[in-house]
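Subject: Handover of a structure and the findings on it

Dear colleague,

Please find below the structure that I am handing over to you. My notes on it follow directly after.

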Amino acid sequence: MESTMERKGNKKMLIDLSKLTEGEVVEMRKLGILTEDHQISETVYPPIHLERPPIEKHVVHAPHTINEAYNYQKPSSFSRALRLDLGGYKVLLVSGTASVNEKGLPEHIGDFKAQLWRTYVNITNLLAAEGMTWHDVVRTTNYLRDIERDYGEFNKIRTSFYTWLGLDPLPAATGIQARLCWETLLVEIEVYAICKAN
């Protein structure tokens, strides 16, 4: 047994089986991940999907602007954005996006306003990678590290950006104060966009 990384086929589990808590063992067995003899079980494709395949999902990339999340030194298990094809429409789900560059490094440390503009650049490029624009955005979720300190500037910049774009109607939105994944990040935005498929 490997000490910090368990391997089964080509898949890696970044957990140390010798350090699982009793609760982890119970819940991992319920999920079918852990066998009774404390090994990682083979993955079984859910039989329901043999008759009803899941909807098509396509990973979206904009490497000239923002890195892939799984390339971080400590892997992050998410896609920057995911496109769903639903009949005659495509839906784009953009993960929480922040002021990160193409090398996976934070941009504009300590400068909230510049971080917000860089976040908009990154989202704009993820939208463009699927032939979409901010006019296709239907909802945003906006996470600010310090909402009392930064919301005024956030709203000025967001309103200015949306006005410049000519968005009408405006996307639905939620603003949340949150401690973000890196101490250097002051703002992060999730986006949902929908458009007719070509």
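Predicted model: local features only at pLDDT ≥ 70, side-chain atom pairs only at ≥ 80, totals over all residues.

Tryptophan 117 and tyrosine 120 both belong to helix α3, where 3 residues, about one turn of the helix, separate them. Helices (H or I, at least four residues) and strands (E, at least two) are DSSP runs, numbered from the N terminus. An α-helix has 3.6 residues a turn, so residues three or four places apart point the same way.

Residues are numbered from 1 along each chain as its sequence is written, and side-chain values use heavy atoms, with hydrogens and water left out.

Helix α3 covers residues 112-128, which makes 17 residues. From its first C-alpha to its last it reaches 24 Å, close to the 24 Å expected at 1.5 Å a residue; the expected span is 1.5 Å times one less than the number of residues. Of the 17 residues in α3, 12 are buried, where buried means under 20% relative accessible area, exposed over 50%, and partly exposed in between (1.4 Å probe, protein chains only). Among the buried residues of α3 are Phe112, Leu116, Ile123 and Leu127.

The model contains 8 aromatic pairs. Rings of Phe, Tyr and Trp (its six-membered ring) pair if their centres lie within 6.5 Å; planes under 30 degrees apart count as stacked, over 60 as edge-to-face and the rest as tilted. The rings of tryptophan 117 and tyrosine 120 are edge-to-face, because their centres are 6.1 Å apart and their planes stand at 70°. Tryptophan 117 is partly exposed at 37% relative accessible area, whereas tyrosine 120 is buried at 2%. Tyrosine 120 also pairs with tryptophan 134: the ring centres are 5.5 Å apart and the planes at 85°, so this pair is edge-to-face. This pair links distant parts of the chain, as tyrosine 120 is in helix α3 and tryptophan 134 is in the loop between α3 and β6 (137-144), 14 residues apart. Tryptophan 134 is buried, and so is tyrosine 120. Trp117, Tyr120 and Trp134 form one aromatic cluster with Phe161 and Tyr162.

Glutamine 115 is another residue of helix α3, and it is buried, with a relative accessible area of 1%. A polar atom of the glutamine 115 side chain lies 2.9 Å from the backbone oxygen of threonine 184. Leaving aside residues up to four places away in sequence, glutamine 115 touches residues including Ser99, His108, Thr184 and Val187; contact means heavy atoms within 4.5 Å.

Backbone features

Which two residues are joined by a cis peptide bond, with omega near 5°? They are aspartate 168 and proline 169, and proline 169 is found in the loop between α4 (147-165) and β7 (172-177).

Histidine 38 has a positive phi of about 65° although it is not a glycine. Histidine 38 lies in the loop between α1 and α2 (48-51) and is partly exposed, at 25% relative accessible area. Histidine 108 also has a positive phi of about 65° and is not a glycine. Histidine 108 is located in the loop between β5 (89-97) and α3, and it is partly exposed, at 37%.

Salt bridges

There are 9 salt bridges in the model, a salt bridge being a side-chain nitrogen of Lys or Arg within 4 Å of a carboxyl oxygen of Asp or Glu. One of them joins glutamate 183 to arginine 145, with the closest N and O atoms 3.6 Å apart. This pair links distant parts of the chain: glutamate 183 is in the loop between β7 and β8 (187-196), arginine 145 is in the loop between β6 and α4, and they are 38 residues apart. Glutamate 183 is exposed, at 52% relative accessibility, whereas arginine 145 is buried, at 18%. Glutamate 36 forms a salt bridge with arginine 29, the closest N and O atoms being 4.0 Å apart. Glutamate 36 is exposed at 67%, and arginine 29 is partly exposed at 30%. Finally, a network of salt bridges links Arg83, Asp85 and Glu130.

With kind regards

Notes: Polar contact = N/O pair within 3.5 Å; in protein donor to acceptor, adjacent residues only side chain to side chain.
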